[in-house]
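Let's take a friendly walk through one protein model. Please keep the sequence and the 3D view side by side as you read.

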Amino acid sequence: MLERAPDGVEVFALGRPELDLADPASIRRAFDDETVDVVVNAAAYTAVDKAETEEALATRINGEGAGLVAEAARGLGAPIIQLSTDYVFDGALDRPYLEDDPTGPIGAYGRSKLAGEEAVAAANPRYCVLRTAWVYSPFGANFVKTMLRIGATRGEVRVVADQVGGPTSALDIADAVFEVAFQLAAEPEPEKYGVFHMTGAGEATWAEFAEAIFAEAQELGRAPVKVVPITTAEYPTPARRPANSRLDGGRLARDYGIALPPWRDSLKEVVARLLAG
Ligand SMILES: NC(=O)c1ccc[n+]([C@@H]2O[C@H](COP(=O)([O-])OP(=O)(O)OC[C@H]3O[C@@H](n4cnc5c(N)ncnc54)[C@H](OP(=O)(O)O)[C@@H]3O)[C@@H](O)[C@H]2O)c1
């Protein structure tokens, strides 16, 4: 968010240890005496597999914690933008999910994030939940970084080919969040409140995503890496993942005029940045 802040926008970045979403008192304290136009909650307990054995903690952070941030925003007279996830769905649908499709998380992380969506909506009527998926960026741990690391030492990588989603650059998310924030700060029409889907345009399986990463890396001088498609059953994890993570971005385009770029274009920039060191 910080590097994408438009000119004239001041961003106050809050986080641990001052603001711990598991600690209600620290949330209230962090927003004391602040004057802000919009509050964004991008923080979350994101350890999807670990959440299966730590659901209470995940829910305290992603559920109650998110609700308290939304409440603090309301106390400041500010709208709240809450980042959420495709994991609120079970992934069984055979088309991209619309915002009003029934939720039905199949794991603890998804349940905790859904609890957050509900808590945010209950705490602050001026809310915008932005559900995204398959996020990668030059920062933090993510699929693109993992593939580049593994691919540096192996000529072949096995990747799941029966889950589909919309790979999404965190840089594009940051740009979109600022645009949403501008529009929310301007006392908008009621359509701008509620739940919206926001992913990179297009779709891919994890295996196709990996192939694109290695293709970009090869263009920049890395040795080729072969992707061997495997099934989810061949790569068991403690938490189940939705088979279909595609989110329909039509509502965000209609009500905010925002459409994220094709994921393949955004990937180019991130791979180039990562390989440049
Ligand atoms: N990654 C994806 O594919 C994906 C997909 C859909 C939605 N999302 C959503 O997008 C948002 C960002 O995800 P991400 O992948 O960027 O996550 P991430 O890399 O795991 O970063 C999570 C951030 O949340 C902070 N955090 C964790 N627990 C906290 C707590 N108790 N109090 C305060 N801050 C806490 C972490 O701070 P520390 O540095 O202190 O640990 C970290 O800065 C989340 O809301 C996530 O649910 C992500």
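Leaving out residues up to four places away in sequence, Val88 touches Thr103, Gly104, Pro105, Gly110, Lys113, Leu114, Glu117 and Arg131, where contact means heavy atoms within 4.5 Å. You will find Val88 in the loop between S2 and H3; helices (H or I, at least four residues) and strands (E, at least two) are DSSP runs, numbered from the N terminus. Is Val88 buried or exposed? Val88 is buried, because its relative accessible area is 0%. Here buried means under 20% relative accessible area, exposed means over 50%, and partly exposed is in between, with a 1.4 Å probe and protein chains only. Glu211 is 123 residues from Val88 along the chain, and the C-alpha atoms of the two are separated by 27 Å.

A word on the ground rules. This is a predicted model, in which local features need pLDDT of at least 70, side-chain atom pairs count only at pLDDT 80 or more, and totals for chains, interfaces and linings use all residues. Residues are numbered from 1 along each chain as its sequence is written, and side-chain values use heavy atoms, with hydrogens and water left out.

**Around the ligand**

Which residues come nearest to the ligand? They are Arg16, Asp20, Leu21, Thr46 and Tyr109, out of 19 residues around the ligand; a residue is near if one of its heavy atoms lies within 4 Å. By class, this shell has 12 nonpolar, four polar and three charged residues. In this scheme Ala, Val, Leu, Ile, Met, Phe, Trp, Tyr, Cys and Pro count as nonpolar, Asp, Glu, Lys and Arg as charged, and the others, Gly among them, as polar. Strand S2 (80–85) and helix H3 (108–123) each supply at least two residues of the shell, and S2 gives the most, with three residues.

Now look at the polar contacts (pairs of N or O atoms within 3.5 Å; within protein, one must be able to donate a hydrogen and the other to accept it, and residues adjacent in sequence count only if both atoms are side-chain atoms). A polar side-chain atom of Arg16 lies 2.6 Å from a ligand oxygen atom. For Tyr109, an N or O atom in the side chain is 2.7 Å from an oxygen atom of the ligand. Ala44 takes part through a backbone N or O atom, 3.2 Å from an oxygen atom of the ligand. Taken alone, the ligand exposes 900 Å², and the protein buries 66% of that; such areas come from the Shrake-Rupley method with a 1.4 Å probe, and for residues only the protein chains shown count as cover.

**Salt bridges**

How many salt bridges are there? The count comes to 15, a salt bridge being a side-chain nitrogen of Lys or Arg within 4 Å of a carboxyl oxygen of Asp or Glu. Here are three of them.

| Pair | N to O distance |
|---|---|
| Arg273 and Glu3 | 2.8 Å |
| Arg251 and Asp255 | 3.4 Å |
| Lys192 and Glu189 | 3.5 Å |

The Arg273 and Glu3 pair links distant parts of the chain, with Arg273 in helix H8 and Glu3 in the segment before helix H1 (24–31), 270 residues apart. Arg273 is partly exposed at 30% relative accessible area, and Glu3 is partly exposed at 43%. Both belong to a network of salt bridges that links Glu3, Arg4, Asp175, Glu269 and Arg273.

Arg251 and Asp255 sit four residues apart in helix H7 (residues 250–256), about one turn of the helix. Arg251 counts as buried at 19% relative accessibility, and Asp255 is buried at 16%. In the remaining pair, Lys192 is buried at 9%, whereas Glu189 is partly exposed at 40%.

**A buried serine**

Helix H8 (residues 263–275) also holds Ser266, which counts as buried because its relative accessibility is 8%. Its side chain makes a polar contact of 2.5 Å with the side chain of Asp172. Beyond neighbours within four places in sequence, Ser266 is in contact with Tyr136, Ser169, Asp172 and Pro261.

Most residues other than glycine have a negative phi, and most peptide bonds are trans. Trp134 has a positive phi of about 45° although it is not a glycine. Trp134 is in the loop between strand S3 (127–132) and strand S4 (135–136), and is buried at 8% relative accessible area. Arg16 and Pro17 are joined by a cis peptide bond, with omega about 5°; Pro17 lies in the segment before H1.
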